[in-house]
Amino acid sequence: MNHSNNRRNFMATTVQSIGLTALSGMLWSGYTDSVKASPLVLRPPGALPEADFLTACIKCGLCAEACQNRDTNVDKETGKQREGTLKMAKGGDALLIGTPYFIPTDVPCYMCEDIPCVPVCPSGALDMKSLLNEKEELDINKSSMGLAIVHKESCIAFWGIQCDACYRACPLLDEAITLEYQKNDRTGKHAFLLPIVHDNVCTGCGLCEQACVTEKPAIFVLPNKVAKGKAGDHYVKGWDAKDQERVKDAKSQINTTEISKQDSTDYLNSEEF
Amino acid sequence: MKNIKYLLLRRTTQIGILFFYFAANAFGWHVLEGTFGTSFLFQTIPLADPYTTLQVLSTGFVLGADVLLGAAIITLFYFVVGGRAFCSWVCPINMVTDLANWTRRKLHLDKEEVNYRFLKRSARYWIMVLGILVSAVVGVASFEVFSPITIMQRGIVFGFGMGGAVVVAIFLFDLFGVKNGWCGHLCPLGATYSIIGSKSLIRVKHNHENCTNCMDCKVVCPENQVLHMINKESISVTNGECTNCGRCIDVCNDDALAFNIRKL
């Protein structure tokens, strides 16, 4: 009797243990999966695509420390050290805790030429190779942290007021943001100087967002995945020889639908209702 | 007066290490940079947490050589030197749970160790395995999402934010919930180090001849199942769950416990 009781207890404990392990595994997975879903975040230069970055980042903070303690991070007037660009996500930031990010309106990325934050990354979450130019040198202009977007309705340049703060602040002056001249029909004698962002040049450093004079910036950096649309592979630029390459092996396929001999008005009489 | 030699040594080590990590960010010192996830000693020697490294590797991501080398160095160090010495000599959460434990004794909440059916000291090993599995499934190092250890360390280096709540929660759990609840039952990092250091050289040795059976050592020991030989046999504490904290040596008035090198 005692023997079978023992066995029953053992079985019950085993089943309960497995059940509880499965339960905690599910809760744990659910929680982990939900905290990694935070698309509105700007990562350091050279960061892998967001999903891969979250996997790879070991949350050591070496990038943030390198950013904070770089030689150039000194206030020119006071000679004191400034706050670094990169922050480490804390509890309550609604980001995967311990991962580096930046908020341009607090401190934008100053695009240091030697890129101190990237070579120190031990895990490979910040990919140095993605920042090498043709000469195999580190080139911060290769980085793509995000894309600046102009909200026309709140941008005072679109109202006709002269402002080129973002254009002047851009480290890739007259390349990432250009000014487009347009006639101001309202006054008839002035020009609009409209800031236009070019997404193949813009690195997403956020200097424009910080420089913007409006109460809430009319130009702001969004992560590439959020900021960019996608036309889809089936759209081919017929006038672009390079784009044409994509479809050079395509076979032509003609679909024909048999045309009905009936008059279109006949169906009311012939069909059954 | 009770001896607090090892306690002082441990607190000095813990706070000293944390200070160097803090100074790396605050003053740009190059002694210990980074955090437990990966850090560099004097800008050259990489150090990495083996359990975090395992979590990331389980997702299928091939980590950089520095992290792998760092994890190997740390594993080798604790394999040789002293098992869970990380837990009692380095980990900042140890100060929180020690404080909870001390308060527990002062408030006399400590009378008996409750035997919970599903919260055994072996739970941490299951959590350790589960953490690796969850990391593999979700694709993110799963323990790092809420690990109070790195949250507290990053809190000290970069600022706490709401992360401080996790640390307070651990304190309250250990004080009013389960005795030695976090470090002794749940922490998968401690479980990892228990396994890594189960054969390590530095061990507490009991001298049965001197023991007066006062049981002071068992009262202060956070893992007192490892002290099963007290007043029974003159052998070393060989259980990997011993954190080598040396509190038992401190409180022993009979010279019956001492650190010793294990004979191979």
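I'll start with one helix, H5 of chain B, residues 93-106. It has 14 residues, and at 1.5 Å a residue it should span 20 Å; the end C-alpha atoms are 20 Å apart, which agrees. Bear in mind that this is a predicted model.

Which residues of H5(B) are buried? They are Ile93(B), Asn94(B), Val96(B), Thr97(B), Asp98(B), Ala100(B) and Asn101(B). As a reminder, an α-helix has 3.6 residues a turn, so residues three or four places apart point the same way. The cover over the buried residues of H5(B) includes H1, H4, H7 (148-158), H8 (164-177) and H9 of chain B. After H5(B) comes His108(B), with a positive phi near 55 degrees.

Now chain B as a whole. DSSP runs give twelve helices and five strands. The C-alpha trace spans about 55 × 35 × 35 Å along its principal axes. Of the 264 residues in chain B, 47% count as buried. If you take the contacts in chain B with a separation of 6 or more, 70% of them are between residues 24 or more positions apart.

Next, the domains. Chain B divides into domain 1, residues 5-196, and domain 2, residues 202-261. Taken over C-alpha atoms, the centres of these two domains of chain B are separated by 24 Å.

Last, the contact between the chains. It takes 34 residues from chain A and 42 residues from chain B. On the chain A side, helices H1 (2-35), H2 (50-56) and H3 (62-68) of chain A each supply at least two residues. The largest share of the chain A side comes from H1(A), with ten residues. The residues on the chain A side divide into 14 nonpolar, 14 polar and six charged.

That's what I have for today.

Notes
Residues are numbered from 1 along each chain as its sequence is written. Chains are lettered from A and ligands numbered from 1 in the order in which they are written. This is a predicted model: local features need pLDDT of at least 70, side-chain atom pairs count only at pLDDT 80 or more; totals for chains, interfaces and linings use all residues. Domain bounds come from an automatic or database domain assignment. Helices (H or I, at least four residues) and strands (E, at least two) are DSSP runs, numbered from the N terminus. A residue is buried if 20 or more other C-beta atoms lie within 10 Å of its own, exposed if 12 or fewer, and partly exposed in between; C-beta atoms are placed from the backbone. Two residues are in contact if their C-beta atoms, placed from the backbone, lie within 7 Å. Ala, Val, Leu, Ile, Met, Phe, Trp, Tyr, Cys and Pro count as nonpolar, Asp, Glu, Lys and Arg as charged, and the others, Gly among them, as polar. The expected span of a helix is 1.5 Å times one less than its number of residues.
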